Amino acid sequence: MDDGWRVCIAFGVLPRRLHSLRQALISAVGSRLGDQVAVSSSRWGTRIYLYAPSAGSADEVAQVAREVLARHDVSAPVRTERWSPREQKWRDADEMSADVAAERQALHEARQERERQASVTSGRPAWEVRVELPSHDDVVRLAGHLAARGWRVRPHRRHLIVGADCEDDAKSLGREFSGDGRADADTAFRVRRVDIYASWTDGGAFAGGMP
């Protein structure tokens, strides 16, 4: 069942016509999703499980289950669960998603910190933002503006390279000059294109410092 999904219907009190309810569930789910869903019951029949191949299918199965329960005037909680290979057990899908999101965020933040430390130790930025501008005068103006804010800059004829200590810093600056940030009129430079990439090669010396 690795990385599988299922919908659990847990009965506090068994309905009088459990068998007919189960068959109605099988029929309704089958007509909506074909043979994608497998159905089983707990040993004492207090739970019905409907196994789905994906999150989307599980959501649809849960909706069908609620509709069938309502038609049969049966009240029972319907919970979407996901198999956890690490823990080797089924867990509530919402709780597991929250845990996964928190773990991913922690890993991301740890990677940003490693990049910042490596940038400081090596003296060169881990990421670069390439900003294309209409003229060399625009390049000079923007280079001066960014250097005053503490960014390391490398001006060229029609574009500017800005060094960033980590991916988050690079993307934040990229958003500012791509028009979807919150730059005010004083920082709204005319920009033709913004590219963000990891810094792998020495392309020349940077001027200025990083924030």
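This passage describes the fold of one protein chain, from its overall make-up to single residues. The model is predicted, so local features require pLDDT of at least 70 and side-chain atom pairs pLDDT 80 or more, while totals for chains, interfaces and linings use all residues. Residues are numbered from 1 along each chain as its sequence is written, and side-chain values rest on heavy atoms, with hydrogens and water left out.

The protein chain holds five helices and nine strands. These elements are DSSP runs numbered from the N terminus: helices are H or I over at least four residues, strands are E over at least two. From the N terminus on, their order is β-α-β-β-α-β-β-α-β-α-β-β-α-β. Of the 211 residues, 39% count as buried. Buried stands for under 20% relative accessible area, exposed for over 50%, and partly exposed for values in between, with a 1.4 Å probe and protein chains only. The chain exposes about 12,500 Å², of which carbon and sulfur atoms supply 48%. Accessible areas come from the Shrake-Rupley method with a 1.4 Å probe, and for residues only the protein chains shown count as cover. Contacts (heavy atoms within 4.5 Å) were also sorted by sequence separation. Among those between residues at least 6 apart in sequence, 66% join residues at least 24 apart.

Two strands pair if DSSP finds at least two bridges between them. Angles run from 0 to 180 degrees between N-to-C directions; axes are lines fitted to C-alpha atoms, for helices over the stretch in contact. β2 and β3 run antiparallel and are joined by four bridges. Here V39 stands opposite L50 in β3.

Strand β1 includes I9. This residue is buried, with a relative accessible area of 0%. I9 and T80 lie 71 residues apart in sequence, yet their C-alpha atoms are 9.0 Å apart in space.

Buried in α2 are S57, A58, V61, A62, V64, A65, V68 and L69. They cover an arc of only 170 degrees around the axis, which puts them on the same side of α2. The arc is that of the directions from the helix axis to the C-beta atoms. The buried residues of α2 pack against β1 (5-10), α1 (18-33), β3 (47-52) and β4 (78-84). The face turned away from the buried side carries the exposed residues D59, A70 and R71.

Backbone angles were examined next. Most residues other than glycine have a negative phi. D73, in the loop between α2 and β4, has a positive phi near 55 degrees. D73 is exposed, at a relative accessible area of 72%. Q88 also is not a glycine and has a positive phi of about 55 degrees. Q88 is found in the loop between β4 and β5 (89-92). At 53% relative accessibility, Q88 counts as exposed.

Another open sheet contains four strands in the order β7-β8-β6-β9, again with antiparallel pairing. β7 (152-155) and β9 (193-198) stand at its edges with a single partner strand each, so one side of each is left without a neighbour in the sheet. Neighbouring strands are turned by 20 degrees against each other on average, direction ignored. Six bridges join β6 (residues 127-132) to β9, and the two run antiparallel. E132 stands opposite R193 in β9. Helix α5 (residues 167-178) lies across β6, β8 (159-164) and β9. Its direction is at about 175 degrees to β9.
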